[in-house]
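Let's read this fold together, one feature at a time. Please have the sequence and coordinates open as we go.

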Amino acid sequence: MDFAVGKESIRIFPTAGVRQGDALSSPIFNLASEPLVRAGKSNINPGFLLFGSLVKTTAYADDIAVVTNSPSELQYILNVLSLTANTLGLQFNAGKCACLVFDKGKPSETQCRIGEQLIRCLGPDDQETYLGTPIGGKLRFRPPTDLIPNLDKIAASNLAPWQKLEIFRSHLLPSLSHHLASGRVLKDSLTQLDTECRKFLGLICNLPNHATVPFFYADRRVGGLGTCRLTDDADIWTIARAAQLLTCRDPTVRNICREQLHDTIRRGFRTEHPGVLPVGEYLSGSVDGGLYRLRYAEAGSNLWTLARQAAKRLGVRIDVSGDENLRIVADDVSVSPVKAVRGLRKVARQRYTRNLLTDKSHQGVVANCLSLEGTSKDMARLVSCRTPLSFRDWRYLHRARLDILPLRGHSWFCSQEQDTSCRRCGKENETGYHVLNHCEEGLQLATKRHNTVQEFSWKRC
Ligand SMILES: [Zn+2]
């Protein structure tokens, strides 16, 4: 094997394989397998005409996909690929190969061989994982269900509650991102997972069931937990993916996507579509200008119909007025496709924060006060893994902030016919306000707190 840089070259004699994950592994493999991709892209493959662009072969590292017009053409290309692989010293693993044949829009049965071995043909209900996402005749799928067992394991572990929260936020939630980004996850399964996640968060923050929902997703600066809702995240990823494909640097991908989008809009209009297609309005989920008449009974769903629905749900506008510069606009945020996920997550968080501040059941009163302090990160740190709180404080913190401590003054805890007076002083109604600020028994501590705050502010001046 010779490595050449400019005019210089070095001869090397590999004695062992290159480990997966090694920095050199993928460039060397890509170089060595290049003849395979070239064979798939050469003139022996007539390719498949997809929305005006010819598609022959796609490859990502060792995942190679070949597209042809018929099973016999596919078999011919596979034979050529096998021969090429043999001369390179590579071998295909027939067990990991699969083929999918569409006949009149439906998956049909066929027999293809790679080398001597038959490869699996995907039926109408079969799926094969390609680049981490299930692909098959049907594209919709349920995400892997190990999230709930993982939540159980973390809940039962001996970690501190703020560490459990951090693991949930920085490991468990992102583990689903790839599926949300590249697949079409069924919405009902995400709604179910969201409910399970809230139960888990309620457990580690010691909250009762009637804690307000925006609390879980609101900004940490106002005392929220700052996590993401999976149903929102799926919509955000769908919009981001659609926008990124439309502005992709690869002209083949970009043109196929744009043409498919135009075709989808025309199909929706059936016969009487307008001369200039309302692409931006369509993707933004608008119903103006006759777009409310669009129907997709026969065409089914694709990325563009899903992106339209997602934009409608999230109230996102997609601005395509600049040809190359597509912008995604929501509330006061306008972002480019590459920054879409981050920008839209921020928008979603701001909305939950606003919902928490305006909560009708008084659970947002403390959040309102915290929101007055605009720049400090101290509040966010309290609910991070670097929190200075003790276990006892943590159990108490979120309940106290949301004013849902188990006190007699609350109708959900104690019916009004029963004694609602303070269990310590017996004088007033036992509410969060009374216990924290007005109870005679606690006045000594309240004075101490007052003095500490005063001393602290005096030192800062
Ligand atoms: Zn009292």
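**Helices, sheets and hairpins**

Q: At what angle do helix α1 and helix α2 pack, and how far apart are their axes?
A: Helix α1 (residues 25–41) and helix α2 (residues 71–88) pack at about 160 degrees, their axes lying 9 Å apart. Axes here are lines fitted to C-alpha atoms, for helices over the stretch in contact, and angles between N-to-C directions run from 0 to 180 degrees. Helices (H or I, at least four residues) and strands (E, at least two) are DSSP runs, numbered from the N terminus. This is a predicted model, in which local features need pLDDT of at least 70 and side-chain atom pairs count only at pLDDT 80 or more, while totals for chains, interfaces and linings use all residues. Residues are numbered from 1 along each chain as its sequence is written.

Q: Which word describes how α1 and α2 are oriented to each other?
A: Angles under 35 degrees count as roughly parallel, over 145 as roughly antiparallel, 65 to 115 as roughly perpendicular and the rest as oblique. α1 and α2 are therefore roughly antiparallel to each other.

Q: Is the crossing of α1 and α2 left-handed or right-handed?
A: A crossing is left-handed if the near helix is turned anticlockwise from the far one by less than a right angle, and right-handed if clockwise. The crossing of α1 and α2 is right-handed. On the α1 side the contact uses Ala32, Pro35, Leu36, Ala39 and Gly40, and on the α2 side Ile77, Val80, Leu81, Thr84, Ala85 and Leu88. Contact means that the C-beta atoms of two residues, placed from the backbone, lie within 7 Å.

Q: How do the residues of this contact of α1 with α2 divide by class?
A: Ala, Val, Leu, Ile, Met, Phe, Trp, Tyr, Cys and Pro count as nonpolar, Asp, Glu, Lys and Arg as charged, and the others, Gly among them, as polar. The contact of α1 with α2 has nine nonpolar residues, two polar and no charged.

Q: What do helices α3 and α4 look like when read this way?
A: Helix α3 (residues 147–156) packs on helix α4 (residues 161–172) at about 155 degrees, with 11 Å between the axes. They are therefore roughly antiparallel, and α3 passes α4 in a right-handed crossing. Leu147, Asn150 and Ile154 in α3 meet Lys164, Ile167, Phe168 and Leu172 in α4. Five of these residues are nonpolar, one is polar and one is charged.

Q: How are α6 and α8 placed?
A: Helix α6 (residues 187–204) and helix α8 (residues 230–246) pack at about 135 degrees, with axes 8 Å apart. α6 and α8 are therefore oblique to each other. Lys187, Leu190, Thr191, Leu193 and Asp194 of α6 make the contact with Leu230, Thr231 and Ala234 of α8. This contact has four nonpolar, two polar and two charged residues.

Q: In what order do the three strands of the sheet with β7 and β10 lie?
A: Two strands pair if DSSP finds at least two bridges between them. The order in this open sheet is β7-β11-β10, with mixed pairing. β7 (98–99) and β10 (112–114) are at the edges with a single partner strand each, so one side of each has no neighbour in the sheet. β7 pairs with strand β11 (residues 117–121) in the parallel sense over two bridges, and cysteine 99 has cysteine 121 of β11 as its bridge partner. α2 lies across β7 and β10, running at about 5 degrees to β10.

Q: Which strands form the antiparallel open sheet?
A: Its order is β16-β17-β18. The edges are β16 (317–319) and β18 (333–335), each with a single partner strand, so one side of each lacks a neighbour in the sheet. From one strand to the next the twist averages 20 degrees. Three bridges pair β16 with strand β17 (residues 327–330), and isoleucine 318 is the bridge partner of isoleucine 328.

Q: Which residue in the turn of the β12 and β13 hairpin has a positive phi?
A: Leucine 131 has a positive phi of about 50 degrees, in a hairpin with two residues between the strands. Strand β12 (residues 127–130) and strand β13 (residues 133–136) run antiparallel and are joined by four bridges.
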